[in-house]
Amino acid sequence: MNSAQNIVRTFPLSRIVLLPAGLIALFYLLVFTPRVQSNAVLVATFTVLAVLLGLFLIITLFVLLRRKESPGIVAVVVRAHYVQMIMHLCIFAYWGWYWPQVYQQAILILGQLVFVHAFDICFRWIQGKPWIMSFGRFPIIFSTNLFLWFRDDWFYLQFLMITFGILAKEYFTWVRDGRRTHIFNPSAISLSVASLLLIFTGNTEISWGSEISNMLNLPPYIYAEIFILGLIVQFLFGVTLVTLATAISLFLFGFIYFQLTGVYFFYTSDIPIAVFLGLHLLVTDPVTSPKTNIGKFLFGLLYGLTVMLLFEILEYFGAPTFYDKLLSVPLLNLSVLALDRCAKKLDFSGWFAGESAARLSPQKLNLVFMAVWIAIFVAWSQSGHLGKSHPGRESVFWEQACEKDRRKACKTLHDLLETECENGNAPACARLGSLLRLGKGVPRDDYRAYEYVIRACELGFDEACKHMRGYRPRLR
């Protein structure tokens, strides 16, 4: 994967110290940007972290002087790193055009990048190792920020999260194919741990996680953009089967669910946009996914299945369901050696495309898988079941399903009407009031029902005004 030979350099301490010192100075200067100045906790966070980084550098220099060592730098250019970085930047650029909050986070993302480079330099040198100068930290930070940010008053937790990801990459390792490598996708392990802590403490509201999951769907062609960017990754790194298998499992299990219940598993799309992003840029890391074709296929199938299982479990316990695409990735990373061993034992030559596949090179076989995925995506998009035209987005579908008392239909209808009412849809407010008054599929609540009827009347829905005159809720 390296596109250039490694370049090793050793420098006098008096000269090389300027690199981490300059990064720490840059990190502190971010305190004076309008974005950081807008919140007192952000100012304190950047100031305290700059001081801690400075102390860490002083300790590092003291250790190096005692050892009489000259710190080194290893320049490593890995294609996977800079390609992923560019893919992430393209998503941020397009997404931010429709949701300004993304652009407002740019300075904070820059701060994370500067912080993690300064921290990593000191961390490597104090261990007596050369610092690896590469693009490797960019996809970690970008991938993390595509799924979860902490709010300004809690943003110091963002730095803890990304630091944990960097340390996990360093310490959670195993020997694979004769070389030591990290077990977990660094961004996935930090996102999973942060998600579990937020779930168990009931503090999801201190993050932007829910808003990110919803606002990813704002750009009109976001599915197409992620799909095209994903093709580039698949072509360069041969991970198409992971994405393809995940999509197949989501389609297959979603189809079975619809046949059994008469309703859609995910009502916004057959594959929600955040899950679609995850199956392209979260589980396709070539280092932490299987090497064999069967292993990749099983890996993708398991990801799709666990996303749906986690959605059910989270919903059952009343936890936010957007964590579904994050929690299983580290467990799947742990399974890759077993999946590859299983694949080698099966040893099905041409398992995916008949005997002729066995004669194809891995690159050509990957092109076959890409062609299959392109055909599936185009057909799926044209069907209207992938994206904003999905029939499950229409409250009429869920009203009919609610009348037939189908699984979770009334609860889904309640959630849809609540969103539409919050967006100023008067008839939706009135229908929501009726649903709450009848208590069908959701707990009966006369008081809230009356509030929604009033809201509908205030928005100019005459039928709600007429209904309100003769109706008074029972007091709680």
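**Cysteines, core and charged pairs**

Mentor: C421 and C429 are both buried. Keep in mind that this is a predicted model.

Trainee: Good to know. What joins C421 to C429?

Mentor: A disulfide joins them, with an S to S distance of 2.0 Å. The torsion about that S-S bond is 100 degrees, and the link of C421 and C429 is right-handed.

Trainee: How many disulfides does a search of the whole structure find?

Mentor: The search finds two. The other pair to look at is C402 and C410, again with S to S at 2.0 Å.

Trainee: And which hand does the disulfide of C402 and C410 have?

Mentor: The torsion about its S-S bond is about 95 degrees, so this disulfide is right-handed. C402 is buried, and C410 is buried too.

Trainee: What about C122, buried or exposed?

Mentor: C122 is buried, at a relative accessible area of 0%. C342, on the other hand, counts as partly exposed at 34%.

Trainee: Okay, switching to the core. Which residues touch the most other members of the largest nonpolar core?

Mentor: That core has 149 residues, and the ones touching the most other members are F27, F46, W95, I271 and F276. Helix α7, residues 106-126, gives the most to this core, with twelve residues.

Trainee: Let me zoom in on F46. What is F46 in contact with, leaving aside its neighbours within four places in sequence?

Mentor: You'll find F27, L30, V31, V36, L108, G111 and F159 around F46.

Trainee: W95 was on your list as well. Which buried residues does α5 have?

Mentor: W95 is one of them, and the others are A80, H81, V83, Q84, M85, M87, H88, I91, F92, Y94 and G96. These buried residues of α5 pack against α6 (100-104), α7, α8 (137-147), α11 (209-215), α12 (222-237) and α14 (273-281).

Trainee: How far does α5 reach from its first C-alpha to its last?

Mentor: Helix α5 covers residues 79-98, which is 20 residues, and reaches 30 Å. That is close to the 28 Å expected at 1.5 Å a residue.

Trainee: Now the charges. How many salt bridges does the count come to?

Mentor: The count comes to 13 salt bridges. Take E211 and R151, whose side chains meet at 2.6 Å, N to O. E211 lies in helix α11 and R151 in the loop between α8 and α9 (156-171), so the pair ties together parts that are 60 residues apart in sequence.

Trainee: And is E211 buried, exposed or partly exposed?

Mentor: E211 is partly exposed, with a relative accessible area of 25%. R151 also counts as partly exposed, at 25%.

Trainee: Which residue does E312 form a salt bridge with?

Mentor: E312 pairs with R407, and their closest N and O atoms are 2.9 Å apart. E312 is in helix α15 (residues 293-316), while R407 is in the loop between α21 (395-403) and α22 (409-422), 95 residues apart. Relative accessibility is 22% for E312, which is partly exposed. R407 counts as partly exposed at 37%.

Trainee: One more: where are E418 and R448?

Mentor: E418 is in helix α22 and R448 in helix α24 (residues 446-458), 30 residues apart. Their side chains meet in a salt bridge at 3.3 Å, N to O. E418 is partly exposed at 22%, and R448 counts as partly exposed at 23%.

Trainee: Which residues do salt bridges that share partners join into one network?

Mentor: That network is made of E312, E315, R407 and K408.

How values were computed: Residues numbered from 1 in each chain as written. Predicted model: local features only at pLDDT ≥ 70, side-chain atom pairs only at ≥ 80, totals over all residues. Heavy atoms only, no water. Core = buried A, V, L, I, M, F, W, Y, C linked by side-chain atoms within 4.5 Å. Buried < 20%, exposed > 50% of the residue type's maximum accessible area, 1.4 Å probe, protein only. Helix = DSSP H or I, 4+ residues; strand = E, 2+ residues; numbered from the N terminus. Contact = heavy atoms within 4.5 Å. Expected span 1.5 Å × (residues − 1). Salt bridge = Lys/Arg side-chain N within 4 Å of Asp/Glu carboxyl O. Disulfide = S-S within 2.5 Å.
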